[in-house]
Amino acid sequence: MLPVIALVGRPNVGKSTLFNRLTRTRDALVADFPGLTRDRKYGQAKVEELEFIVIDTGGIQGDEVGIDALMAEQSLRAVDEADAVLFLVDARVGLTSADQGIAEHLRKQNKKVMVVANKTDGIDADSACGEFYALALGEVYHIAAAHGKGVRQMIDAALEEF
Ligand code: GDP
Ligand code: MG
């Protein structure tokens, strides 16, 4: 059985871009239009010699109130199915109240969760990402999904126990 990694987070943080990089397909729709990925999507991923299953999700809407509304059913299921959860945030936008709401939910899960700050290309990642430690989910990983920066290191950490 391959380990399963779920990608969760607000729309537009780069989940589908990361999914495509990990699976090297154009299967997950990538667009500027928030919420375009309506269902969770499974892909077989390969990063160098590392193989795993990755689940892309699209249903956590930033403008809703309450944990149930915030985490759409399909995202909750993806978290349940996963061995490790990559919680993507946007290093350019910074910490949002929707991120805080999602983190509150994820902290209650008995699941390995990693905070992943995406879009760190061309910015000072260390100063942009410091605020994400307030999510109280431990280490903040820096990546640029569009360019592959930081991806190997993040996947190594996600698969550490599996
Ligand atoms: P999703 O809604 O979370 O699935 O986000 P998408 O993967 O559809 O990406 C949303 C937008 O962010 C698109 O315009 C992407 O090109 C852009 N994006 C994704 N990853 C990166 C990155 O590493 N750097 C930059 N600068 N933009 C990115
Ligand atoms: Mg998407």
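Predicted model: local features only at pLDDT ≥ 70, side-chain atom pairs only at ≥ 80, totals over all residues.
Visitor: What is the mean pLDDT of the chain?

Guide: First the term: pLDDT is the predictor's confidence in each residue, from 0 to 100. Here the chain has a mean pLDDT of 87. Of its residues, 82% reach 70 or more. The model scores ipTM 0.99 and pTM 0.90.

Visitor: How many helices and strands does the chain have?

Guide: Helices (H or I, at least four residues) and strands (E, at least two) are DSSP runs, numbered from the N terminus. This chain has 6 helices and 6 strands. Read from the N terminus, the elements run β-α-β-β-α-α-β-α-β-α-β-α.

Visitor: In what order do the strands form the sheet?

Guide: Start with pairing: two strands pair if DSSP finds at least two bridges between them. In this case 6 strands form an open sheet, ordered S2-S3-S1-S4-S5-S6, with mixed pairing. S2 (41–47) and S6 (140–142) stand at the edges; each has a single partner strand, so one side of each is left without a neighbour in the sheet. On average, neighbouring strands are turned by 30 degrees against each other, direction ignored. For angles, axes are lines fitted to C-alpha atoms, for helices over the stretch in contact, and values run from 0 to 180 degrees between N-to-C directions.

Visitor: Do S1 and S4 run parallel or antiparallel?

Guide: S1 (residues 4–8) and S4 (residues 84–90) run parallel, joined by 4 bridges. Leu7 has Leu86 in S4 as its bridge partner. Helix H3 (residues 73–81) packs on the sheet and touches S1, S3 (50–56) and S4. The direction of H3 makes about 150 degrees with that of S1. Helix H4 (residues 97–107) also packs on the sheet, touching S1, S4 and S5 (112–118). The direction of H4 makes about 165 degrees with that of S4.

Visitor: How many residues of S4 are buried?

Guide: A residue is buried if 20 or more other C-beta atoms lie within 10 Å of its own, exposed if 12 or fewer, and partly exposed in between; C-beta atoms are placed from the backbone. In S4, 7 of its 7 residues are buried. Both faces are covered. Ala84, Leu86, Leu88 and Asp90 lie on one side, with Val85, Phe87 and Val89 on the other. Across the chain of 162 residues, 43% count as buried.

Visitor: Which residues have the most contacts inside the largest nonpolar core?

Guide: A nonpolar core is a set of buried Ala, Val, Leu, Ile, Met, Phe, Trp, Tyr and Cys residues joined through C-beta atoms within 7 Å. The largest one has 40 residues. Those with the most contacts inside it are Ala6, Leu7, Val85, Phe87, Val115, Val116 and Ala117. S4 gives the largest share, 6 residues.

Visitor: What does Ala6 touch?

Guide: Two residues are in contact if their C-beta atoms, placed from the backbone, lie within 7 Å. Not counting residues up to four places away in sequence, Ala6 touches Ile55, Thr57, Ala78, Val79, Glu81, Ala82 and Val85. Ala6 also stands opposite Val85 in S4.

Visitor: Why is helix H1 largely enclosed?

Guide: In H1 (residues 15–23), 9 of the 9 residues are buried, so this helix is largely enclosed by the rest of the structure. The cover includes S1, S2, S3, S4 and helix H6 (151–159). Just after H1, Arg24 takes a positive phi of about 55 degrees.

Visitor: Where are Glu48 and Lys119 found, and is each buried or exposed?

Guide: Glu48 lies in the loop between S2 and S3. Glu48 is exposed, with 8 other C-beta atoms within 10 Å. Its phi is positive, about 50 degrees, although Glu48 is not a glycine. Lys119 lies in the loop between S5 and helix H5 (125–129). Lys119 is buried, with 24 other C-beta atoms within 10 Å. Lys119 has a positive phi of about 70 degrees, although it is not a glycine.

Methods: Residues numbered from 1 in each chain as written. Chains lettered and ligands numbered in written order.
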